[in-house]
Amino acid sequence: MKQLLIFIRKETYHIFRDKRTLLILLGMPMVQVLIFGFAITNEITNARIAILDQSKGEMSQDIIQRLVASSYFEIDENLRAVSDIERHFRQGKTKMVVVFPPQLQENLLRSVPTQIQLVADATDPNTATTLINYASAIIGRYLQEQNQGNAPPLEISTDVKMLYNPRLKSVYMFVPGVITIILMLMSAMMTSIAITREKELGTMEVLLVSPLRPSTIVVGKVIPYILLALAMAAIVLLLGAFVFGMPIRGSLLLLMVECVLFVITSLSLGILISTRTETQQVAMLISLMALMLPTILLSGFIFPIESMPKVLQVISNIIPAKWFIIIIKNVMLRGTGFNFIWKETLILLGMALFFIGASIRNFKIRLA
Amino acid sequence: MANQYAIDVQNISKRYGKQVLALDEISLHVHSGELFGLIGPDGAGKTTLIRILATLLLADSGQASVNGWDVRKDYKKIRSNVGYMPGRFSLYQDLSVEENLHFFATIFGTTIEENYELIREIYVQLEPFRTRKAGQLSGGMKQKLALCCALIHKPLVLFLDEPTTGVDAVSRQEFWEMLQRLRQKGITILVSTPYMDEASLCERVALIQKGRIMSIDTPANIVAGFDKPLLAVRTDNMYRLINDLRQFESTHSAYPFGDYAHLALNGPIWPEAVHAFLADKKHTGIEIKPAKATIEDSFMELMTKS
């Protein structure tokens with residue numbers, strides 16, 4: 001026990017005396033959250049559109065106002081003729097053109113089916129689809145309101161209700177993902193170099209010729225980093241809450257406890273990498289490359305696991321990040337308690353224990 | 001049988017890969033309380049042997065034991081009871097002198113106070129720099145600190161791998177004086193060094209070269225074994241001198257030795273003949289004097305024989 005304590009103390013000295021690394025470790029999550037946060041988003045604001053209003057009526061003006069008021073769109077130009085549409089797109093000025101037919105108002109009042117045309121630049125299909133969806137929704141809502149006074153036409157309308165994230169804000173999706181990835185990568189990276197550094201500096205030689213047990217060394221290396229990783233988690237959560245307006249609906253204590261568990265899992269994964277590598281560079285590369293891609297692609301962070309091929313779905317189960325994303329989405333967005341996430345928690349706990357056990361087993365008790 | 005020696009090595013061999021034979025059937029034993037030197041140039045296999053004894057490497061074949069404990073089976077026992085100082089400075093550079101010592105004392109389950117008597121003489125020199133980071137110490141101070149850390153748990157056997165390499169002459173001498181005092185306290189010491197002049201400070205030495213032991217004896221006996229007459233020769237052109245001396249008919253061997261060339265002769269000493277030979281070869285500033293054989297001469301002699 002005394003040995004473990006002095007070992008932890010020694011590691012803590014290493015961490016806090018290397019000011020530059022410490023600064024990087026705490027600064028990097030901040031930069032990453034901001035970059036990820038602003039870069040990974042499929043929301044569109046102030047897209048430039050053009051209008052070709054052939055009806056020149058009250059209704060078309062109303063619709064145009066609604067479109068502008070939504071702040072998704074910004075009118076770039078009012079076109080005069082159909083032939084202008086092609087020219088306008090070629091100039092690359094707009095993403096979408098809204099075409100109102102000549103008899104719009106008359107037709108609508110007489111309940112004659114009529115069409116408003118939305119022409120989008122599909123060189124970027126995602127943007128085009130999003131714009132069309134936004135515009136259709138706005139126009140649809142307007143027509144519905146207009147119909148309310150009159151006898152409703154015979155039609156089936158769907159009533160969509162988006163739970164937990166009514167405005168479908170993408171921050172709700174990416175902030176949990178970003179928190180997960182940053183905690184995973186930073187934690188694994190920190191410990192992956194912890195043992196290889198001792199190998200490189202030669203201090204491992206003297207540690208080995210001592211009564212220290214591999215378990216003491218492994219555990220003693222993980223514990224001091226937990227606090228550091230938690231500081232990172234706090235930074236990322238605060239940024240998520242204050243910069244991106246991410247809510248924390250569940251218990252903050254539960255969230256932090258789950259963070260600690262995930263951090264321990266990642267740190268022990270880092271240690272495992274460390275026991276298998278000889279140099280810090282290799283360890284760092286492995287922890288970055290080998291962990292980053294599967295974590296981003298298979299954790300459900302960007303691509304939904306349900307729509308993956310069966311094989312990948314099975315593989316995704318061994319990615320710790322997948323379980324943690326489920327946990328924090330539950331706690332932060334749905335505000336659920338422990339009874340809904342105990343299974344995922346147990347899986348993470350099992351993984352952490354497995355990694356620590358494997359590290360102790362893999363720990364080389366000799367030099368070669 | 002094996003248990004009566006502090007260190008017992010029998011037919012140890014070690015290969016790195018297929019090509020390099022680092023140790024070739026080495027056998028030696030060190031008595032309890034002895035100061036034993038492993039003398040040989042870089043790449044002779046000294047570090048490999050010490051690492052095998054410190055349980056850091058496994059030998060390919062052969063038996064070795066430290067204080068009766070087998071290096072393979074009883075490695076845990078050995079690790080708790082020996083002190084090991086690697087050739088490269090291996091303490092924590094970002095920890096202070098005191099923190100390093102405290103750390104090593106604690107992981108060995110002891111305290112600085114408990115064994116302070118053993119390291120007192122060394123540690124008093126470090127005391128003024130107690131709070132300085134180990135990485136900022138001078139080379140000699142680093143070695144003293146490393147020795148303190150290796151001694152703090154009162155080991156039965158001390159392994160020192162080239163402790164004086166890269167250390168200034170004064171610190172080297174001090175270091176050896178410390179080793180002598182430690183020996184008087186009953187600690188068995190196995191020390192390796194590439195410096196031949198340090199051999200005479202050991203009780204017994206093993207001369208090792210290319211993974212083979214050429215001779216094991218007391219330094220005096222090894223020197224006495226050198227039976228050729230020896231001359232120290234020097235001229236203005238030292239580079240040409242060695243080559244020319246090797247042409248001389250009764251030359252046994254000629255090699256550089258500090259500022260001089262050492263010339264071992266097959267026949268009786270006849271400096272005048274050497275002088276005439278060198279003058280004939282157009283050497284100037286010729287200086288010839290009889291020389292006393294040293295460990296290095298014996299080493300060179302043994303090398304040419306093997």
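User: Is Y92(B) buried or exposed?
Analyst: Y92(B) is buried, at a relative accessible area of 3%. Buried stands for under 20% relative accessible area, exposed for over 50% and partly exposed for what lies in between, with a 1.4 Å probe and protein chains only.

User: What should I keep in mind about the model?
Analyst: The model is predicted, so local features need pLDDT of at least 70 and side-chain atom pairs pLDDT 80 or more, while totals for chains, interfaces and linings use all residues. Residues are numbered from 1 along each chain as its sequence is written, chains are lettered from A and ligands numbered from 1 in the order in which they are written, and side-chain values use heavy atoms, without hydrogens and water.

User: What kind of pair do F7(A) and F103(B) make?
Analyst: A tilted one, because their planes stand at 45°, with the ring centres 6.1 Å apart. This pair crosses between chains: F7(A) sits in helix α1 (residues 2-17) of chain A, and F103(B) in helix α3 (residues 97-107) of chain B. Helices here are DSSP runs of H or I with at least four residues, strands are runs of E with at least two, and both are numbered from the N terminus.

User: Are those two residues, F7(A) and F103(B), buried or exposed?
Analyst: Both F7(A) and F103(B) are buried.

User: And what about Y92(B) with F104(B), how are the rings arranged?
Analyst: The centres of Y92(B) and F104(B) are 6.4 Å apart and the planes are at 20°, so this pair is stacked. It links distant parts of the chain, with Y92(B) in the loop between β6 and α3 of chain B and F104(B) in helix α3 of chain B, 12 residues apart. F104(B) is buried, with a relative accessible area of 3%.

User: Which residues form one aromatic cluster?
Analyst: F7(A), Y92(B), F103(B) and F104(B) form one.

User: Switching to charges. Which ring face does K142(B) lie over?
Analyst: K142(B) lies over the face of F89(B), 5.3 Å from the ring centre. R172(B) lies over the face of Y195(B), at 4.0 Å from the ring centre. The test is NZ of Lys or CZ of Arg within 6 Å of the ring centre and within 35 degrees of the ring normal.

User: Now backbone. What is phi of E25(B)?
Analyst: Phi of E25(B) is positive, about 50°, although E25(B) is not a glycine. E25(B) belongs to strand β2 (residues 20-30) of chain B, and its 47% relative accessibility makes it partly exposed.

User: What about phi of E162(B)?
Analyst: E162(B) is not a glycine either, and its phi is positive, near 45°. E162(B) is placed in the loop between β7 (157-161) and α6 (169-184) of chain B. The relative accessible area of E162(B) is 14%, so the residue is buried.

User: How many helices and strands are there in chain B?
Analyst: Chain B has 10 helices and 14 strands. Its C-alpha trace spans about 70 × 45 × 35 Å along the principal axes, and buried residues make up 52% of its 306 residues.

User: Last one. How is chain A divided?
Analyst: Chain A is divided into domain 1 (7-40 + 169-362) and domain 2 (47-147), with bounds from an automatic or database domain assignment. Taken over C-alpha atoms, the centres of domain 1 and domain 2 of chain A are separated by 47 Å.

Definitions and conventions. Phe/Tyr/Trp six-rings, centres within 6.5 Å; stacked < 30°, edge-to-face > 60°.
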